Amino acid sequence: VSRVDQFRTLFKANGTNFDDTTRLACQHALEDEEMFDRFAFVLKNILPQVDRVCATYLDEDNRLRLYQIEERPPFRGSFRGTFTRYKPEGQALAAYVDRDDLVVVNDLASESGSLMQKMHDKGIRSSVHVPLQYEGFRGTLNLWSLDENAFPPEAVEVIRQVVSSIE
């Protein structure tokens with residue numbers, strides 16, 4: 001059974017009805033590393049096909065930076081250090097910041113920029129990027145999967161619900 005099929009089974013049983021623990025983890029996801037880890041744990045239970053969850057933002061110098069990260073072992077992606085900064089030009093990930101809606105990428109090889117290429121080289125096949133604002137910074141919440149086509153419409157519905165709870 002694929003992880004996407006596992007998700008679909010969970011979705012059929014639960015839909016987007018989240019318990020208080022899930023809602024609380026979402027609300028406080030970006031507060032600090034511990035809360036982000038809790039959020040990622042909860043999210044990966046809802047979406048078993050997710051291997052990496054990270055939040056990125058454009059800093060005061062308009063450089064793309066990693067804010068928080070959590071990965072499912074044994075996966076270890078590129079763009080791991082919060083001190084690493086990338087020029088946004090030519091990076092698809094930076095372009096998602098200014099989108100009005102989330103972006104589903106079913107083929108990372110087709111996306112522009114060295115970050116997407118590095119993630120593809122590490123085995124990532126699909127991703128979702130949700131624009132968000134937090135404490136005056138523009139950024140994205142990024143979900144990455146080793147599975148191809150890991151984010152069917154039902155998963156996108158769940159992701160929208162989760163992100164709408166982030167404060």
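1. Gln68 sits in strand 2 (residues 64-71); helices (H or I, at least four residues) and strands (E, at least two) are DSSP runs, numbered from the N terminus. Gln68 is buried, at 11% relative accessible area; buried means under 20%, exposed over 50%, partly exposed in between (1.4 Å probe, protein chains only). Beyond its neighbours within four places in sequence, Gln68 is in contact (heavy atoms within 4.5 Å) with Asp32, Glu33, Phe36, Val53, Cys54 and Ala55.

2. A word on provenance. This is a predicted model, where local features need pLDDT of at least 70 and side-chain atom pairs count only at pLDDT 80 or more, while totals for chains, interfaces and linings use all residues. Residues are numbered from 1 along each chain as its sequence is written, and side-chain values use heavy atoms, with hydrogens and water left out.

3. Aromatics next: five pairs turn up, counting Phe, Tyr and Trp (its six-membered ring) rings with centres within 6.5 Å; planes under 30 degrees apart are stacked, over 60 edge-to-face, the rest tilted. Phe7 and Phe11 make a tilted pair, 5.8 Å centre to centre with 35° between the planes. Because they are four residues apart in helix 1 (residues 3-14), about one helical turn separates Phe7 and Phe11. Both are buried.

4. Phe36, one of the Gln68 contacts, pairs with Phe39, again tilted: 5.9 Å centre to centre, 50° between the planes. Phe36 is buried at 0% relative accessibility, and Phe39 is buried at 1%.

5. Elsewhere, ring pairs link Tyr57, Tyr67, Tyr134 and Phe137 into a cluster.
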